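Here is a short report on helix packing and pockets. Look over the model before reading on.

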Amino acid sequence: MKNGDEMHLFYTPRSHFSRKVRLLLGGLGKEVELVDAGNVAESNPTLFGANPLMKVPTLVDGERAIFDSDHIAQYIVRTYDPKDHFRVLTTDVGELNVRSVMNGIMATEVELILAERTGIDTRAHRRFDKMRESISAGLAWLERHVDVFPREPTYLGFHLTAMWDHLELYQVCALNFERLGERAAEWNALPYVTATKPT
Ligand SMILES: N[C@@H](CCC(=O)N[C@@H](CS)C(=O)NCC(=O)O)C(=O)O
């Protein structure tokens, strides 16, 4: 393994996109220096590493900055885990669809939360109604496709745990998706899952 002493992850403790990267790093036993960006609704680019989109996570590895959680995960395994123990580089269409739906739910949730945080009453605009509906429809779709999640710990499973715990914390919709909830809790005993749970 290459020396990762200079790796910094710009994140926030509650960020679900950051957490899936942190869970992967935990699974790989790979150390990273965490840099808390604070309030991600802020528009100060210096808080977000070199990411022009002003979002976390951003990974800085020496001279390199890598944007976007899945891109960061791919970079990490290509650089430090060529055997890809957690199936980050899967090309399975079913798994990639699940990944897309989870990313869509998470991104929509962020928009709702940041809209409220910056003073928008999201109950007053139809656009936000559709966003809430898409989160619920996405979760119902995932519940129907729950068997796509492998039974052993993988990046897809970490992704689910990160999404689910964040939804439980912010309560943007009802979470009556029993099988999905059970599957999301499957890795809760792992120390790096417990240590990164958002509060
Ligand atoms: N596609 C990006 C999404 C990252 C993202 O939306 N991060 C949120 C925090 S969890 C953020 O920093 N949002 C700030 C904003 O949208 O202004 C990824 O996968 O990393």
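## Helix packing

Axes are lines fitted to C-alpha atoms, for helices over the stretch in contact, and angles run from 0 to 180 degrees between N-to-C directions. This is a predicted model. In it, helix α3 (residues 93-117) packs with helix α4 (residues 126-144) at an angle of about 150°. Their axes are 9 Å apart. Angles over 145 degrees count as roughly antiparallel, and α3 and α4 are therefore roughly antiparallel to each other. The crossing of α3 past α4 is left-handed.

Both helices supply residues to the contact. From α3 come, among them, Val 98, Val 101, Met 102, Ile 105 and Leu 112. The α4 side includes Phe 128, Met 131, Ile 135, Leu 139 and Trp 141. By class, the residues of this contact are 12 nonpolar, four polar and four charged.

## Largest pocket

The largest pocket has a volume of about 670 Å³. Its lining has 30 residues. Nearest its centre lie Phe 17, Val 40, Lys 55, Val 56 and Val 110.

Helix α3 gives the most, with seven residues. The lining holds 13 nonpolar, nine polar and eight charged residues.

## Second largest pocket

The second largest pocket has a volume of about 150 Å³. It is lined by Arg 22, Leu 25, Gly 26, Gly 29, Lys 30, Glu 31, Val 32, Leu 34 and Thr 196.

Here α1 gives the largest share of the lining, three residues. The classes are three nonpolar, three polar and three charged.

Notes
Residues are numbered from 1 along each chain as its sequence is written. This is a predicted model: local features need pLDDT of at least 70, side-chain atom pairs count only at pLDDT 80 or more; totals for chains, interfaces and linings use all residues. Side-chain values use heavy atoms; hydrogens and water are left out. Helices (H or I, at least four residues) and strands (E, at least two) are DSSP runs, numbered from the N terminus. Angles under 35 degrees count as roughly parallel, over 145 as roughly antiparallel, 65 to 115 as roughly perpendicular and the rest as oblique. A crossing is left-handed if the near helix is turned anticlockwise from the far one by less than a right angle, and right-handed if clockwise. Contact means heavy atoms within 4.5 Å. Ala, Val, Leu, Ile, Met, Phe, Trp, Tyr, Cys and Pro count as nonpolar, Asp, Glu, Lys and Arg as charged, and the others, Gly among them, as polar. On a 1 Å grid over the protein atoms alone, a cavity is a set of points where a 1.4 Å probe fits but cannot get out, and a pocket is an open set with protein on both sides within 12 Å along at least five of seven lines; lining residues have an atom within 4 Å of a point. Grid points are joined across faces, edges and corners, and a volume is the space filled by probe spheres set on the points.
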